[in-house]
Amino acid sequence: MTKEAAVIGGGIAGTAAAIALQSAGFAPVVHERHERGAADERGAFLTVAVNGLHALRSLGLDPDKVLAKGFPTPVMALRGASGRVLAELPLGGPRSGPGLATTTIRRSDLYAAMRAEVEARGIPIVYGAALTRAVTGPDRVEAEFADGRRVHADLLVGADGLRSRTRRSLDPAGPEPHYLGLLNAGGFTAGPVAPGLAAPPGVMQMAFGKRAFFGWATAPDGSVWWFANPPAKQPIGPGTFTAASWRAHLITLFEDDPSSPAAELIKASDEIVGPWNTEDLFSVRVWHDTRTVLVGDAAHALAPTSGQGASQAIEDAVVLGHSLREHREPAAGLAAYAAARRPRVRKVAAHGRRGNSGKVLGPVGAAIRDAMMPALFTLLMRKGDPQAWILDHRLPPLPAAG
């Protein structure tokens, strides 16, 4: 008899988990709270690192197909307050030629590609399904939705993000997201920009500005994709900015800042997304019970600085699939999954928080950072890529669903 699985959330973690569950012998159904066609643009764009690309392969997916609308960004250039390049770091993959490379893609394009892969495998997606509560029983788990529906399954996977209702059901006293003292926004120029404003192809530029951190990369069509991290002591709420006032605020932050062409790129943008609060979820005590489990941001939301949110979610799915294949009882499989994943994501989360701490410093701190960073990174690179432990991680492939 086929085991049924309810997957809560149709984002990256949820779609990857559904494919992995099918490989493990389950009949999954994805329940997505947004309506069909409603794009979730939070984050605007993201990177899938090479470890995430290899995890896609482990799921039986073709990274070139899933990420066809993205472009490779295998190098990161860090710029100081004056605009001088302080260091160039490998993000994974060849600078040119064939081979998998860390890829930048719009979040909505990745969502659409992953959902298309799910549907191609005959896995249903139910839209407009907002979970309110999940209750684990001795033989089944029950999911209750805002529209009054109740669904019973042998297994429930909470892939419902930073403010997961599944996590709240597992542990009502569990931790809340932690605000990191930065806002986030993204944008896209209306088209190609002047050569002096564009980053070299394949290079994600990052600049420690005087008043805010800024990153930008050039897409194959010549347009520039960018993000900004203005500091804010307190998190903001809805309605704090209008679209016009937020654009004006960003331009003011970066006007006359020699570290980057941020102000000019923002002025040239017809699409600006945000702002939202930058948060992470460093330590979640309860990842699972006997029939319910968390994956992705629901279990371990990472600071954007890590560049690993999507990749770690895909790795979660692969490990979950293997664990459930290796253990007949769901409870044993979920325990094995958590034991395998906790140490790695805890280490990646700590790495992301450290990178977040120095984004905006005062004049003295910035001068010290800019003076020391080139020598520091030269020393680190002599010992090999300091991110190799993240990027070189490989998982065995899951067998195709039978």
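**Exercise 1. Find which residues Asn 51 touches, not counting residues up to four places away in sequence.**

Solution. Start with the location: Asn 51 lies in helix α2 (residues 50-58). Helices here are DSSP runs of H or I with at least four residues, strands are runs of E with at least two, and both are numbered from the N terminus. Next, list the contacts, meaning heavy atoms within 4.5 Å. Asn 51 touches Gln 308, Ser 311, Gln 312, Glu 315, Arg 344, Ile 390, Leu 391, His 393 and Arg 394. Then look for a polar contact. The term means a pair of N or O atoms within 3.5 Å; within protein, one must be able to donate a hydrogen and the other to accept it, and residues adjacent in sequence count only if both atoms are side-chain atoms. The side chains of Asn 51 and Gln 308 make one, at 2.9 Å. Last, check burial: under 20% relative accessible area is buried, over 50% is exposed, and in between is partly exposed (1.4 Å probe, protein chains only). Asn 51 has 1% relative accessibility, so this residue counts as buried.

The model is predicted: local features need pLDDT of at least 70, side-chain atom pairs count only at pLDDT 80 or more, and totals for chains, interfaces and linings use all residues. Residues are numbered from 1 along each chain as its sequence is written, and side-chain values use heavy atoms, leaving out hydrogens and water.

**Exercise 2. Identify the residues with the most contacts inside the largest nonpolar core.**

Solution. A nonpolar core is a set of buried Ala, Val, Leu, Ile, Met, Phe, Trp, Tyr and Cys residues joined through side-chain atoms within 4.5 Å. The largest has 63 residues, and Leu 21, Leu 59, Leu 110, Val 157 and Leu 320 have the most contacts inside it. Another core, of 23 residues, lies apart from it and includes Trp 216 and Leu 250.

**Exercise 3. Trace the strand order of the open sheet of seven strands.**

Solution. Two strands pair if DSSP finds at least two bridges between them. The order is β6-β5-β14-β15-β16-β13-β17, with mixed pairing. At the edges stand β6 (85-90) and β17 (269-280), each pairing on one side only. Phe 188 stands opposite Trp 225 in β16. Helix α6 (residues 243-254) lies across β13, β15 (213-218), β16 and β17, at about 80° to β17. Axes are lines fitted to C-alpha atoms, for helices over the stretch in contact, and angles run from 0 to 180 degrees between N-to-C directions.

**Exercise 4. Locate Pro 275 and describe its peptide bond with Gly 274.**

Solution. Pro 275 sits in strand β17. A cis peptide bond joins Gly 274 and Pro 275, with omega about 5°.
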